[in-house]
Amino acid sequence: MKFLVTGSSGFIGSQLALRLSSNPSFLVLGLDLVKNGHLANNFDFLPCDPLGKWKESLQKFSPDIVFHCAAQTDVRKSMSHPTFDAEQNIMFTLQLLEALSNHSLEKIIYLNSGGAIYDQNQRPPFSENSTTKPNSNYGVSKLAAEMYIRIFCQNRSVKWTSLALSNVYGPLEINRKGILYELA
(Lines give C-alpha, C1' and ligand atoms only; values in the text may rest on other atoms or scores of the structure.)
Protein backbone atom coordinates (compact mmCIF):
# COMPACT_ATOMS: atom_id res chain seq x y z
CA MET A 1 0.00 0.00 0.00
CA LYS A 2 1.28 3.49 -0.88
CA PHE A 3 0.75 6.48 1.41
CA LEU A 4 1.34 10.18 0.78
CA VAL A 5 1.83 12.39 3.85
CA THR A 6 1.76 16.11 3.09
CA GLY A 7 3.39 18.19 5.79
CA SER A 8 5.62 15.23 6.58
CA SER A 9 8.10 17.40 8.48
CA GLY A 10 5.50 19.04 10.70
CA PHE A 11 4.45 18.04 14.18
CA ILE A 12 1.66 15.63 13.26
CA GLY A 13 2.86 14.71 9.75
CA SER A 14 6.32 13.67 10.95
CA GLN A 15 4.89 11.31 13.56
CA LEU A 16 2.43 9.87 11.08
CA ALA A 17 5.13 9.34 8.42
CA LEU A 18 7.41 7.74 11.00
CA ARG A 19 4.67 5.37 12.19
CA LEU A 20 3.58 4.41 8.65
CA SER A 21 7.16 3.84 7.49
CA SER A 22 7.77 1.51 10.43
CA ASN A 23 5.60 -1.02 8.56
CA PRO A 24 7.85 -2.59 5.90
CA SER A 25 4.87 -3.46 3.68
CA PHE A 26 3.95 0.24 3.28
CA LEU A 27 5.58 2.67 0.86
CA VAL A 28 5.50 6.20 2.26
CA LEU A 29 6.15 9.45 0.41
CA GLY A 30 6.52 12.63 2.43
CA LEU A 31 5.80 15.99 0.80
CA ASP A 32 6.96 19.15 2.54
CA LEU A 33 9.18 22.21 2.18
CA VAL A 34 12.04 20.69 4.17
CA LYS A 35 12.99 17.13 5.05
CA ASN A 36 12.70 15.78 8.56
CA GLY A 37 14.79 12.82 9.70
CA HIS A 38 12.79 9.81 8.49
CA LEU A 39 15.28 7.04 7.80
CA ALA A 40 13.16 3.99 7.01
CA ASN A 41 13.97 2.27 3.72
CA ASN A 42 10.36 2.52 2.61
CA PHE A 43 10.18 6.33 3.20
CA ASP A 44 10.97 8.75 0.42
CA PHE A 45 10.85 12.53 0.57
CA LEU A 46 9.59 14.88 -2.11
CA PRO A 47 10.44 18.57 -1.67
CA CYS A 48 7.52 20.88 -2.35
CA ASP A 49 9.20 23.33 -4.70
CA PRO A 50 7.49 26.61 -5.60
CA LEU A 51 7.51 25.77 -9.32
CA GLY A 52 5.39 22.68 -8.77
CA LYS A 53 7.88 20.09 -10.05
CA TRP A 54 6.67 17.87 -7.19
CA LYS A 55 3.41 17.22 -9.06
CA GLU A 56 5.06 15.03 -11.70
CA SER A 57 6.86 12.93 -9.08
CA LEU A 58 3.62 12.58 -7.15
CA GLN A 59 1.82 11.33 -10.25
CA LYS A 60 4.50 8.66 -10.73
CA PHE A 61 4.19 7.54 -7.10
CA SER A 62 0.38 7.24 -7.40
CA PRO A 63 -0.63 6.94 -3.72
CA ASP A 64 -3.51 4.81 -2.49
CA ILE A 65 -4.17 6.90 0.61
CA VAL A 66 -3.35 10.57 1.20
CA PHE A 67 -2.93 12.12 4.64
CA HIS A 68 -3.16 15.86 4.01
CA CYS A 69 -1.42 17.37 7.05
CA ALA A 70 0.31 20.33 5.38
CA ALA A 71 -0.91 23.76 6.47
CA GLN A 72 -0.02 27.23 7.55
CA THR A 73 -1.13 26.98 11.20
CA ASP A 74 -0.50 30.40 12.72
CA VAL A 75 -3.86 32.12 13.37
CA ARG A 76 -2.21 35.49 14.04
CA LYS A 77 -0.25 35.28 10.79
CA SER A 78 -3.48 34.45 8.94
CA MET A 79 -4.99 37.71 10.18
CA SER A 80 -2.02 39.87 9.21
CA HIS A 81 -1.24 38.00 5.96
CA PRO A 82 -4.50 36.52 4.66
CA THR A 83 -3.19 36.04 1.11
CA PHE A 84 -0.27 33.95 2.37
CA ASP A 85 -2.67 31.91 4.50
CA ALA A 86 -4.96 31.26 1.52
CA GLU A 87 -2.02 30.31 -0.70
CA GLN A 88 -0.76 27.79 1.83
CA ASN A 89 -4.05 26.25 2.92
CA ILE A 90 -6.43 26.65 -0.02
CA MET A 91 -4.26 26.97 -3.12
CA PHE A 92 -1.86 24.20 -2.09
CA THR A 93 -4.84 21.92 -1.45
CA LEU A 94 -6.19 22.69 -4.93
CA GLN A 95 -2.77 22.01 -6.49
CA LEU A 96 -2.60 18.71 -4.60
CA LEU A 97 -6.07 17.68 -5.75
CA GLU A 98 -5.24 18.56 -9.36
CA ALA A 99 -2.06 16.47 -9.14
CA LEU A 100 -4.11 13.55 -7.79
CA SER A 101 -7.00 13.91 -10.25
CA ASN A 102 -5.86 11.12 -12.60
CA HIS A 103 -5.24 8.56 -9.85
CA SER A 104 -7.43 5.83 -8.47
CA LEU A 105 -7.22 6.92 -4.85
CA GLU A 106 -8.86 4.95 -2.08
CA LYS A 107 -9.08 7.72 0.49
CA ILE A 108 -8.02 11.23 1.52
CA ILE A 109 -7.70 11.99 5.22
CA TYR A 110 -7.58 15.72 5.89
CA LEU A 111 -6.34 17.25 9.13
CA ASN A 112 -8.63 20.17 9.76
CA SER A 113 -8.78 22.51 12.75
CA GLY A 114 -11.57 21.95 15.25
CA GLY A 115 -10.82 25.03 17.28
CA ALA A 116 -10.96 27.38 14.30
CA ILE A 117 -13.86 26.24 12.12
CA TYR A 118 -16.78 25.97 14.57
CA ASP A 119 -19.08 28.66 15.89
CA GLN A 120 -17.41 30.06 19.00
CA ASN A 121 -20.85 30.76 20.52
CA GLN A 122 -21.59 27.03 20.70
CA ARG A 123 -20.43 24.95 23.64
CA PRO A 124 -18.21 21.91 23.04
CA PRO A 125 -18.19 19.10 22.32
CA PHE A 126 -18.56 19.65 18.58
CA SER A 127 -19.76 17.03 16.11
CA GLU A 128 -20.00 16.68 12.35
CA ASN A 129 -23.37 18.41 12.59
CA SER A 130 -22.15 21.42 14.56
CA THR A 131 -22.40 24.82 12.94
CA THR A 132 -19.23 25.96 11.21
CA LYS A 133 -18.54 29.66 11.58
CA PRO A 134 -14.84 30.48 11.47
CA ASN A 135 -13.72 33.64 13.25
CA SER A 136 -10.27 33.89 11.65
CA ASN A 137 -8.79 33.75 8.17
CA TYR A 138 -7.08 30.52 9.23
CA GLY A 139 -10.44 28.93 10.05
CA VAL A 140 -11.88 30.09 6.73
CA SER A 141 -8.95 28.64 4.77
CA LYS A 142 -9.07 25.28 6.58
CA LEU A 143 -12.83 24.97 6.08
CA ALA A 144 -12.54 25.98 2.40
CA ALA A 145 -9.87 23.32 1.85
CA GLU A 146 -12.18 20.72 3.43
CA MET A 147 -14.99 21.72 1.08
CA TYR A 148 -12.74 21.38 -1.97
CA ILE A 149 -11.65 17.94 -0.77
CA ARG A 150 -15.28 16.90 -0.22
CA ILE A 151 -16.29 17.93 -3.73
CA PHE A 152 -13.19 16.34 -5.28
CA CYS A 153 -13.87 13.04 -3.52
CA GLN A 154 -17.60 13.01 -4.20
CA ASN A 155 -17.04 13.58 -7.92
CA ARG A 156 -14.53 10.70 -8.07
CA SER A 157 -16.15 8.27 -5.62
CA VAL A 158 -13.13 8.52 -3.32
CA LYS A 159 -13.61 8.01 0.42
CA TRP A 160 -12.59 10.94 2.61
CA THR A 161 -12.39 11.93 6.23
CA SER A 162 -11.82 15.29 7.85
CA LEU A 163 -10.37 15.20 11.35
CA ALA A 164 -11.15 18.48 13.13
CA LEU A 165 -8.32 18.45 15.67
CA SER A 166 -7.95 21.03 18.41
CA ASN A 167 -4.77 22.16 20.18
CA VAL A 168 -2.57 19.15 19.54
CA TYR A 169 0.53 18.82 21.66
CA GLY A 170 3.14 16.28 22.64
CA PRO A 171 6.80 15.60 23.27
CA LEU A 172 7.90 16.58 19.77
CA GLU A 173 5.79 19.71 19.41
CA ILE A 174 7.74 22.12 17.25
CA ASN A 175 5.66 25.26 17.10
CA ARG A 176 5.04 25.78 20.83
CA LYS A 177 1.71 27.42 20.09
CA GLY A 178 -0.62 24.89 21.71
CA ILE A 179 -2.33 25.36 25.04
CA LEU A 180 0.08 23.01 26.83
CA TYR A 181 3.77 22.34 26.38
CA GLU A 182 6.70 21.35 28.52
CA LEU A 183 9.30 24.01 29.22
CA ALA A 184 12.91 22.88 28.92
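Reader: Which residues does L58 touch, leaving out those up to four places away in sequence?

Author: Contact means heavy atoms within 4.5 Å. By that rule, L58 touches L4, L29, L46, P63, L96, A99, L100 and H103. A word on the source: this is a predicted model, where local features need pLDDT of at least 70 and side-chain atom pairs count only at pLDDT 80 or more, while totals for chains, interfaces and linings use all residues. Residues are numbered from 1 along each chain as its sequence is written, and side-chain values use heavy atoms, with hydrogens and water left out.

Reader: How many residues does the largest nonpolar core have?

Author: A nonpolar core is a set of buried Ala, Val, Leu, Ile, Met, Phe, Trp, Tyr and Cys residues joined through side-chain atoms within 4.5 Å; buried means under 20% relative accessible area (1.4 Å probe, protein chains only). Here the largest has 23 residues, and W54, L58 and I108 have the most contacts inside it. A second, separate core of 12 residues includes L20, F43, C69 and L111.

Reader: Is C69 buried or exposed?

Author: C69 counts as buried because its relative accessibility is 14%.

Reader: What is the strand order in the open sheet?

Author: Strands are DSSP runs (E, at least two residues), numbered from the N terminus, and two of them pair if DSSP finds at least two bridges between them. The six strands run β3-β2-β1-β4-β5-β6, with parallel pairing. β3 (43–47) and β6 (159–165) each have a single partner strand, so one side of each lacks a neighbour in the sheet.

Conventions. Buried < 20%, exposed > 50% of the residue type's maximum accessible area, 1.4 Å probe, protein only. Helix = DSSP H or I, 4+ residues; strand = E, 2+ residues; numbered from the N terminus.
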